[in-house]
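Reader: Could you take me through this model and tell me what stands behind each label?
Author: Gladly; let us look at it together.

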Amino acid sequence: MKGLIDRNAVVTGAASGIGAAIAKRFCDEGVNVLAIDRNAVSWADSYENVRSVQLDLTNGSTPGLVLENINSFLKGSCDILVNAAGVSAMAPFEETNAEVWDTTLAINFEAVTVLTRTLLPLLKKSDQARVIMIGSICSEFAPAGMSAYVVSKHAVLGLTRALASEFGGDGITVNCIQPGAIVTGITAAGFEGNSPFREHWENKAAIGRLGQPDDVAPLVAFLVSEEGRFISGHGIYVDGGAMQQG
């Protein structure tokens, strides 16, 4: 992708799944990546242009630690922020307690606002600043049994649209990727242990299969490249055509 070599990026949720696929693609494109996750980023040893940092994004000291690593590894600059960390709990609304809601919103939404606000001064200094949110097709519709997750992803999409308007004057684009049924560490057990659930999502996708993290990463690479400079404020489906099937 044009204009990515030697850019500096922060990617959360980078240990596995969509976050890992995005971070690896960035590394392949010549981007310097600060890969953040609460779990160890085991793949980082395969690249020279990545530093992995094991952090809990809901910890109050995390913004300061992120800035310390940006200063030491990325020479104090940040061109790209990808908020990919997320959790999901499946249970009927009446069975979800305050802890489930608090945890889901803390990781999926509040940590996104905190980190984006923390890095905004650095993004404003970049001539190719990009913010990517990882939402979900649940950003726009509401399947049963996922109320906390659905609310958090609706919030992420709303934040994307608001920040695209607010940051546009600084030359910063903000977009939200809305994946469909993607096999990740969060979803794999559900697909493997529930054949009807897996078949539902395979059949719902026009392409007829579940998605993989590597189906998402190329779009993110495009959006943060020079070619993606005039796309902002959008939720973009990566779902194999599932949302067109009703």
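Author: Along the sequence, the chain runs β-α-β-β-α-β-α-β-α-β-α-α-α-β, with helices (H or I, at least four residues) and strands (E, at least two) taken as DSSP runs numbered from the N terminus. This is a predicted model, where local features need pLDDT of at least 70, side-chain atom pairs count only at pLDDT 80 or more, and totals for chains, interfaces and linings use all residues. Residues are numbered from 1 along each chain as its sequence is written, and side-chain values use heavy atoms, leaving out hydrogens and water.

Reader: Why is Trp-43 called buried?
Author: Buried means under 20% relative accessible area, exposed over 50%, and partly exposed in between (1.4 Å probe, protein chains only). Trp-43 has 9% relative accessibility, so it counts as buried. Tyr-47, at 22%, therefore counts as partly exposed, and Phe-93, at 59%, counts as exposed.

Reader: Why is the pair of Phe-93 and Trp-101 called edge-to-face?
Author: Rings of Phe, Tyr and Trp (its six-membered ring) pair if their centres lie within 6.5 Å; planes under 30 degrees apart count as stacked, over 60 as edge-to-face and the rest as tilted. Here the centres are 6.1 Å apart and the planes at 85°, so the pair is edge-to-face.
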